[in-house]
Number of protein chains: 2
Amino acid sequence: MSNKKHFPLKQLEILIAELSKFPGIGPKTAFRMTMNIIRRGKNDMLQLSNALINLAESIKICKVCKSLSDDDICLICNDPERDKETICIVEDIEDLLSIERTNVYKGVYHVLGGLINPMEGITPANLYISDLINRLLNEKVKEIIFALSPTPEGDTTAHYIYRQLKNLNIKVTTIARGISMGTEIEYADEYTLSKSIQNRVLFE
Amino acid sequence: MSNKKHFPLKQLEILIAELSKFPGIGPKTAFRMTMNIIRRGKNDMLQLSNALINLAESIKICKVCKSLSDDDICLICNDPERDKETICIVEDIEDLLSIERTNVYKGVYHVLGGLINPMEGITPANLYISDLINRLLNEKVKEIIFALSPTPEGDTTAHYIYRQLKNLNIKVTTIARGISMGTEIEYADEYTLSKSIQNRVLFE
């Protein structure tokens, strides 16, 4: 793509450049994607274009849980079947969707928008933590569940939040650490293995 | 993504579905791409959207060489520095662009739009072959160069075209088959090796 003078179609270059902005998509992949959608035809190009415009114009942050939403309040917070007294605290919407896919959790969420990470300049003020505290002060909440990654950043963030709400008389839990399905005990790390022994459950 | 009821943003699903239409991009990759462009912001979503609309609305087939173009005549056919008396015959625009990137070829092209393949129902009538013959009858052309893949389909297509133009007093050549850079002779296939001996050139 170096010889721009001879590129037979200027708009091709522009689309390839836009697609190359995605992580993991280099100019060659972007070119193959461009040729593919050209072969599929004008209709597919316009459908993808419309999907992008519609998402760009409709995307909002849910006023309650700070998840992505297409309305002021997201579908989960608006769902009368969800238990509003249990809030699961997640780093981002990817984690929220992973939990949703399990079909096990029936409470609601609070999306922090990241984890505290002083090395990268992410402080509590950059996250939706004060929104969470306000929510806990104003809503009737019985339990919050930390579903944060088992990293120093995840632990720091959980402890920071915990210190702020320990006087609120709310049950605070965290998702279980244990041996993953398919993991051989021989290869489990010591931290996970020790947690899985401490948090052992009745055999069923 | 199975639990559509709880997907917090309907427009997300639509974009993920559109991105999943690209070969090699599954729902997980499409989801990661969607989250990435949301993080990059509305401006990037609209830029990609515009690139698609502009391409869809501007894309044409060059009336001369059948390459993609944003005008009736493509940039190569319109370039006064290109030698219009030499036509390189290629299967598709990918092959054309590969040759362009070498910066060696200064003639023009004719894009067939595929290769003759009776098994897949591709006959000469499905390709831009009659357009090529008309072009050779009406333009002053000294040489055509077959730059088709060394496959049965490539050979069939080249021979079909050759039979139709052998009375036109045009020099017909084909790109050299030989040992590729970095290939050890021990591992070269017999056909390529025999061609590379027959078509040997003076040592410089």
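A salt bridge is a side-chain nitrogen of Lys or Arg within 4 Å of a carboxyl oxygen of Asp or Glu. The model is predicted: local features need pLDDT of at least 70, side-chain atom pairs count only at pLDDT 80 or more, and totals for chains, interfaces and linings use all residues. Side-chain values use heavy atoms, with hydrogens and water left out.

**View 1. Salt bridges between chain B and chain A.** There are 4 salt bridges between chain B and chain A. In one salt bridge, Glu94(B) pairs with Arg39(A), and the closest N and O atoms are 3.0 Å apart.

**View 2. The contact between the chains.** Chain B and chain A each bring 60 residues to the contact, where contact means heavy atoms within 4.5 Å. Together they bury about 5,800 Å², 68% of it on carbon and sulfur atoms; buried area is the accessible area (1.4 Å probe) that two parts lose on being put together, summed over both.

**View 3. The loop residue Asn103(A).** Asn103(A) is not a glycine, yet has a positive phi of about 65 degrees. This residue sits in the loop between helix 5 (93-102) and strand 4 (107-111) of chain A; helices (H or I, at least four residues) and strands (E, at least two) are DSSP runs, numbered from the N terminus. With a relative accessible area of 40%, Asn103(A) is partly exposed, a class lying between buried (under 20%) and exposed (over 50%), computed with a 1.4 Å probe and protein chains only.

**View 4. The loop residue Asn169(B).** Asn169(B), also not a glycine, has a positive phi of about 60 degrees. Its loop joins helix 7 (152-165) and strand 6 (171-174) of chain B. Asn169(B) is exposed, at 74% relative accessibility.

Methods:
Residues numbered from 1 in each chain as written. Chains lettered and ligands numbered in written order.
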